[in-house]
Amino acid sequence: MPFALLGGVYALAVLYAGTLLSLTVLGLPFLVVGLLGARGLGAVHRRLVGRLLGECVEEPAPLPRPAGAIARGRTVLADPVAWRALLYLVLRLPLGLLGAASAVVLPLGCGWLVGFPLWVRLLQPGPRPAGLPDVAAVLLGLLLLACVPPAVRMLSRVNRWLARLLLGPARVQRRVRELESARASLLAESTDRLRRLERDLHDGTQARLVALAITLSLAEDALAPATAPDLGRLRTLLDRARGQTDDTITELRRLTRGIHPAALDGGLHEALPGLTATSSVPVAVRLDLTGRPDPAIERAVYFCAAELLTNVAKHSGASAAALTVTAADGRVRLVVRDDGRGGAAVGTGPGGAAGTGHRGAGTGTGTGTGLAGLAERLAAVDGVLTVDSPPGGPTVVTAELPVTL
């Protein structure tokens with residue numbers, strides 16, 4: 001309550017004085033200073049909410065500092081974080097008063113009502129028989145005591161919600177941060193993949209091509225006109241060259257398989273049934289797609305389905321699964337459901353099925369990191385991944401993406 005009173009009085013004073021001074025030259029400078037103070041008080045309340053209520057509110061972006069006093073003042077006046085912090089301080093005042101009432105006044109009233117029979121007998125000398133008012137006072141006091149925890153929990157929940165809504169970054173800023181983080185992760189992953197591809201081409205495919213060139217040179221020497229051709233040696237060299245060519249083609253197919261799956265040439269209608277046919281767990285497929293999404297969205301849906309089906313086959317212990325893809329209202333929705341042991345979660349942790357997000361049998365109690373990486377990939381194309389996997393199953397993983405970027 002003290003911080004609520006301090007912040008509420010400060011916010012009301014800034015608004016009141018700023019309105020009165022708005023007709024003078026002091027109005028805007030006063031409002032700038034008041035908004036800066038509101039930003040600082042918002043940071044204090046954000047730390048208090050995190051320390052006392054366990055609600056970690058993301059810190060908003062720092063205020064830009066352009067050159068020049070006028071430019072800085074204009075930046076402060078247009079800062080949505082400061083205005084939202086000022087609104088939080090105003091709304092926090094009645095919440096603080098209600099919180100103090102629920103945490104202090106209700107218990108005091110409970111104590112007074114429960115002790116009402118004693119207080120009456122202490123204040124009024126002489127014998128006084130117990131009656132209905134004494135019983136009613138005790139029952140009412142116990143009822144008030146039972147109302148204290150729900151009231152405190154409800155007000156704390158409202159306070160956490162208000163802090164998330166007004167003290168954190170704006171929704172647009174939060175979305176920009178998520179997209180920037182997803183883009184950075186995607187760029188790092190793409191760079192790493194390109195480096196691995198370059199290394200594999202240099203150490204594997206290039207070496208195979210060099211060996212093939214040497215074999216062909218030896219075959220050319222065997223056909224030299226100065227001597228009679230050695231047909232046996234020539235046949236051996238040609239067989240070796242054919243084998244090296246087949247190995248090189250296989251290597252190139254393996255390296256290019258993750259760049260663009262050939263199965264997507266016909267769209268998701270053809271790619272997903274073929275993908276589920278290779279799963280070791282029986283998968284029921286239901287597709288309801290009108291038209292084709294953007295190529296990037298198709299690749300994201302395909303790789304997401306492949307990753308989730310791999311999780312089901314390797315770590316869920318499921319006997320059956322279902323894959324559903326629908327498109328409606330400009331969104332593509334992928335749902336993978338299995339009847340396995342459950343325990344999947346988006347996050348990191350020790351043990352578990354590392355890299356998958358499922359809890360593998362006998363591998364600990366933590367969760368893996370695969371679903372977190374998958375969520376980052378989907379965020380790069382404005383997608384969202386949700387997991388519903390209670391212990392014992394079933395597990396339902398849903399990915400929602402836009403049809404077009």
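Student: Which residues does D79 touch, not counting residues up to four places away in sequence?

Tutor: A contact is counted when heavy atoms lie within 4.5 Å. D79 touches R39 and L63, with residues up to four places away in sequence left out. Before going on, note that this is a predicted model, in which local features need pLDDT of at least 70 and side-chain atom pairs count only at pLDDT 80 or more, while totals for chains, interfaces and linings use all residues. Residues are numbered from 1 along each chain as its sequence is written, and side-chain values use heavy atoms, with hydrogens and water left out.

Student: Where is the place of D79, and is D79 buried or exposed?

Tutor: D79 sits in the loop between α3 and α4. Helices (H or I, at least four residues) and strands (E, at least two) are DSSP runs, numbered from the N terminus. A residue is buried under 20% relative accessible area, exposed over 50% and partly exposed in between (1.4 Å probe, protein chains only). D79 has a relative accessible area of 6%, so D79 is buried.

Student: How many residues apart in sequence are A61 and P169?

Tutor: A61 and P169 are 108 residues apart in sequence, but 7.0 Å apart in space, C-alpha to C-alpha. For the chain as a whole, take the contacts with a separation of 6 or more: residues 24 or more positions apart account for 65% of them.

Student: How many helices and strands does the chain have?

Tutor: The secondary structure comes to 11 helices and five strands. The chain has 405 residues, and buried residues make up 36% of them.

Student: What is the order of the strands in the open sheet?

Tutor: Two strands pair if DSSP finds at least two bridges between them. Here the five strands of the open sheet run in the order β1-β2-β3-β5-β4, and the pairing is mixed. β1 (283-288) and β4 (384-388) are the edge strands, each of which pairs on one side only. From one strand to the next, the twist averages 10°. Axes are lines fitted to C-alpha atoms, for helices over the stretch in contact, and angles run from 0 to 180 degrees between N-to-C directions.

Student: In which sense do β3 and β5 pair?

Tutor: β3 and β5 pair in the antiparallel sense, over eight bridges. In this pairing R331 has P402 in β5 as its bridge partner, and V335 has T398. β5 (residues 395-402) is also joined to β4 by five bridges, again antiparallel. T398 in β5 is the bridge partner of T386, and V397 in β5 stands opposite V387.

Student: How many of the residues of β5 are buried?

Tutor: Seven of the eight are buried, so β5 is largely enclosed by the rest of the structure.

Student: How many bridges do β2 and β3 pair over?

Tutor: β2 and β3 pair over eight bridges, in the antiparallel sense.

Student: Which strands does helix α10 lie across?

Tutor: Helix α10 (residues 295-316) lies across β1, β2, β3 (331-338) and β5, and runs at about 10° to β3. Helix α9 (residues 268-277) lies across β1 and β2 (321-328), at about 175° to β1.
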